[in-house]
Amino acid sequence: MDQLIIKLSELFLNAAAASRFYAVMRYAFPLLAFWLLLRCARSLLTFRRQSEIWAWLNVAGQTSIPVTHWENTIGRSKGCDIVIDLGTVSRSHAVLTRYDDGSWSISDIGSRGGVQVGGRDVSLAALSYGQVFTLGGVEFFLERISKEEREEQKARRQRPGAGFRQWFTLLLLTVFQLCSMIAMMFGTQPEHMQQVITGYGALMIAEWVLYIFFLAIRRNGFEVETLAFFLCTLGISVIATASPASMNKELIAIGIGIFLFLSVGWSLRSLERAKRIRYLAAAAGILLLLANLLLGVEKNGARNWIELGGFSFQPSEIVKVCFVFVGASTMDRIVTRRNLTLFIVYTGLIGICLVLISDFGAALIFFVTFVVIAFLRSGNFAGIAMICTAAAFAVLIVVRFRPYVLSRFAAWGNVWEYANVAGGYQQTRSMMCIATAGLFGLGAGNGFMKHVAASDTDLVFALISEEWGLLIGILMILTVLILAVFAVRSVGVARSSFYTIGACAASTVFLMQTALNVFGTVDILPLTGVTFPFVSNGGSSMMASWALLAFIKAADTRQNASFAIRLASGKEERYE
């Protein structure tokens, strides 16, 4: 093996060969990446959104309304899932819920006329098909969908990647990775050649093994994973040029991340199981941050690391996954004020812990994610405005009692005045490197940014843009946007509000991290030390990114797309 590395080193140290290779590949890289993203985007963003019918709701024995979700608000308001335009029915009257085993329930959500089942007022009651319940003096009952309707509905559902072969898209990614590996071998030192080969090789093996595993379990949706592996490829390139010694550590983090992706997806196969895990996640999130307060080690002005022997991690990254689990909830729990109040308290505790350890970037990500979750759970603009106002006062109080916080943002917007000191050195060099490299970059390993502190974490956008070109940097951002838009498009036909909120929350975390990382690099926003999902060097960030991806995957209801949905076996398709 050592002899092979030596021979490869001799080959790739040939300056003329490197020059010829770069002359071609500097234009081929963005074309390959664009083609790859275009195929994934067309598959993810153009699929036919089609609601599934789970039952029919018969109204007063006269008309039947399709029930298209597992949780359905019933009321007079146009914002309800099932609109009953009768004066005796409240604006938001009740919630009709379907469970994993196919059973149903009806729950009152503070209506004027209440809910009656069997002639008695109930707050929550189980329902069977044909059983009459009353809302505002109007009788309702559920009807099964017929076998013919079920088969017709299944036939209409679009399969993922219609017209786009998944294996060919993954093959494009593999070609991109092979070319990236060759480019990096031309640009790296001989002693780092083995890390480069190991990094790219392990990633290619991992993606094909996962793809084959999905085929084995009859899942043919792999676009979301392909986008994640594309970002991981850029992350491997970052480590190969800036921190090759940490390559094995990052590969282990990717492996653990994929395991977490599958584990979280498995937990989401059952709503009841997901709700049980939600309570464990809530406790784990608080315990992790309390441990951070007691054992935290300060790095770059924030005490957000825990070191145990030779192992270190950021608890706030793992807490993001816990937070999304806690925030996601089924509709019958969303509409209770007590449940939302507990979530506000939980968010407040997390915010306090993050402020105490001076991790303000993470605090902002959690707050924006909380606002998105709170809106999805309440739909109350006035309540959200009050929460934002309270948060603004909290910021003022923090600044009042901890004025040194402002000093961390003194250079924001004026980094050129601090170009040669700590306040602006990193960002000014980042912007110069981006401008110097142009659209197509200087070539793998040929940049200056790798010598700048935090170039493989907080300033990773500048490092990628310098060596691989601004076009690749922009495509890196577009990848995150594609995942977010796909999540938003999917939630309209998602089966449960749990998956709707989970997907939107995970997308918000990705978008906020991307915005803070990129805009902080170019001084549009303060540099807050936030990583770029899947790309920045860091095991905690990588594992959290893969785990959050499972929430987006679970919202995908295309036929045979998500491993979070159990396939039909002679009966209607259902969650396990």
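Colleague: Which residue stands opposite Phe133 in β11?

Modeller: This is a predicted model, in which local features need pLDDT of at least 70, side-chain atom pairs count only at pLDDT 80 or more, and totals for chains, interfaces and linings use all residues. Residues are numbered from 1 along each chain as its sequence is written, and side-chain values use heavy atoms, with hydrogens and water left out. Strands (E, at least two residues) and helices (H or I, at least four) are DSSP runs numbered from the N terminus, and two strands pair if DSSP finds at least two bridges between them. Strands β10 (residues 133-135) and β11 run antiparallel and are joined by 3 bridges; opposite Phe133 stands Phe140.

Colleague: Which residue in the turn between β10 and β11 has a positive phi?

Modeller: The two strands form a hairpin with 2 residues between them. A positive phi of about 60 degrees is found in the turn at Gly136.

Colleague: Which residue stands opposite Glu143 in β11?

Modeller: Strand β1 (residues 55-59) runs antiparallel to β11, with 4 bridges joining them. Opposite Glu143 stands Trp56.

Colleague: Which strands stand at the edges of the open sheet of 5 strands?

Modeller: The order is β4-β3-β5-β6-β9, with mixed pairing. Each edge strand has a single partner strand, so one side of each is left without a neighbour in the sheet; these strands are β4 (82-83) and β9 (124-127).

Colleague: How far apart are the end C-alpha atoms of helix α4?

Modeller: The expected span of a helix is 1.5 Å times one less than its number of residues. The 22 residues of α4 (residues 166-187) should therefore span 32 Å, and this agrees with the distance between the end C-alpha atoms, 32 Å.

Colleague: How many residues of helix α16 are buried?

Modeller: Among the buried residues are Phe461, Glu466 and Trp468. Helix α16 (residues 460-468) is largely enclosed by the rest of the structure, because the buried residues number 9 of the 9.

Definitions and conventions: Buried < 20%, exposed > 50% of the residue type's maximum accessible area, 1.4 Å probe, protein only.
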